[in-house]
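Reader: I would like to go through this model with you. Please set each value against its definition.

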Amino acid sequence: MLPFKVWVDADALPRILRDVIIRASDRYQIEITFVANQNVGITPSIRINSIQVLSGADSADQEIVDRMKAHDIVITQDIPLAAQVIEKGGIAIHPRGEIYTSANVKARLHLRDFMDTLRGAGVQTGGPPPISERDKREFSSSLDQMIQKQKRKTSV
């Protein structure tokens with residue numbers, strides 16, 4: 001097994017990406033842990049784990065931050081969680097394939113706060129479109145790239 005893990009913020013993970021993540025676990029022999037405040041329906045195996053946390057705002061996020069280590073990869077749509085992951089030396093990947101960095105996560109936090117303000121004022125901002133096949137391919141490519149990068153980094 002590799003010296004780093006992949007953590008999945010599974011509360012809002014599109015189902016279409018579960019198979020991509022599980023195949024990556026098989027391909028790279030890497031441990032994957034799905035964390036959610038409900039049962040995510042993942043069959044545990046030698047490399048696949050599932051943690052169910054108590055219901056509550058950001059319970060899964062806090063569990064991931066508490067357990068992850070530098071070099072771990074976290075899959076999340078949650079921008080504040082991505083910021084914490086980066087702060088701890090991890091890699092954060094959005095389910096659409098975007099790699100969060102210390103530079104772009106700050107801009108995303110500001111945009112998120114702005115959109116929250118609009119919604120609080122009654123403006124209908126709509127939600128993101130469903131994950132497309134292109135998004136799935138981009139996510140798969142980003143995940144592969146980050147696993148390869150972390151493999152090189154941690155095997156030195």
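Reader: In which helix does glutamate 87 lie?

Author: Glutamate 87 lies in helix H3, residues 79-87. Helices here are DSSP runs of H or I with at least four residues, strands are E runs of at least two, and both are numbered from the N terminus. This is a predicted model, where local features need pLDDT of at least 70, side-chain atom pairs count only at pLDDT 80 or more, and totals for chains, interfaces and linings use all residues. Residues are numbered from 1 along each chain as its sequence is written, and side-chain values use heavy atoms, without hydrogens and water.

Reader: Why is glutamate 87 called exposed?

Author: Its relative accessibility is 72%. Exposed means over 50%, buried under 20%, partly exposed in between (1.4 Å probe, protein chains only). Glutamate 87 therefore counts as exposed.

Reader: How far is the C-alpha atom of glutamate 87 from that of alanine 70?

Author: The two C-alpha atoms are separated by 9.1 Å, with the residues 17 apart along the chain.

Reader: What is the element order in the chain?

Author: From the N terminus, β-α-β-β-α-β-α-β-β-α-α. That order holds 5 helices and 6 strands.

Reader: Why does the radius of gyration of the chain agree with a compact globule?

Author: The rule is 2.2 Å times the number of residues to the power 0.38, and the radius is taken over C-alpha atoms. For 156 residues a compact globule would have a value near 15 Å; the chain has 15 Å, so the two agree. The C-alpha trace spans about 50 × 35 × 35 Å along its principal axes.

Reader: What share of the chain is buried?

Author: Buried residues make up 38% of the 156.
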